[in-house]
Amino acid sequence: MKLLRVLVLVALPLYCLAGSGCLLLEEAINKAIDSQVSIDEYQNFLQPFTYGLETNEAIAELKQCFLQQSDETLSNFALMMDIIINSLLCALF
């Protein structure tokens, strides 16, 4: 299960590098950390990238992990992702 979760997270940046832009990745991250987005909504958003029941379960587990975090942790995670996405190394893409 953990391997599937990692593969899902790896697939999104590769999709980003394929030339579609990183807005999709940013939106997926924002929806993951948004406590107002339900697990079903998150799974529906990522539906084009899912390949079976195992992937849907991994996405549900990923979203559940974020739902269990405190607002402070989610805020810190969002800040960290913002720093990474806006870093000089990411700006090259």
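Over the ring of which residue does the charged end of K63 sit? Select K63 and Y42: the charged end of K63 lies over the Y42 ring, 5.8 Å from its centre. "Over a ring" here requires NZ of Lys or CZ of Arg within 6 Å of the ring centre and within 35 degrees of the ring normal.

This is a predicted model, where local features need pLDDT of at least 70, side-chain atom pairs count only at pLDDT 80 or more, and totals for chains, interfaces and linings use all residues. Residues are numbered from 1 along each chain as its sequence is written, and side-chain values use heavy atoms, leaving out hydrogens and water.

Next, select K31 and F45. The charged end of K31 sits over the F45 ring, 5.2 Å from its centre.

Now go to I39. I39 belongs to helix α3, residues 39-45 (helices are DSSP runs of H or I, at least four residues, numbered from the N terminus). I39 touches A60, K63, Q64 and L67, leaving aside residues up to four places away in sequence; contact means heavy atoms within 4.5 Å.

Last stop: helix α2 (residues 23-33) and helix α5 (residues 71-85). Their axes come within 10 Å and cross at roughly 170°. Axes are lines fitted to C-alpha atoms over the stretch in contact, with angles from 0 to 180 degrees between N-to-C directions. The two helices are therefore roughly antiparallel (over 145 degrees). Colour E26, I29 and I33 in α2; they meet L74, F77, A78, M81 and I85 in α5.

Conventions
Parallel < 35°, antiparallel > 145°, perpendicular 65-115°, else oblique.
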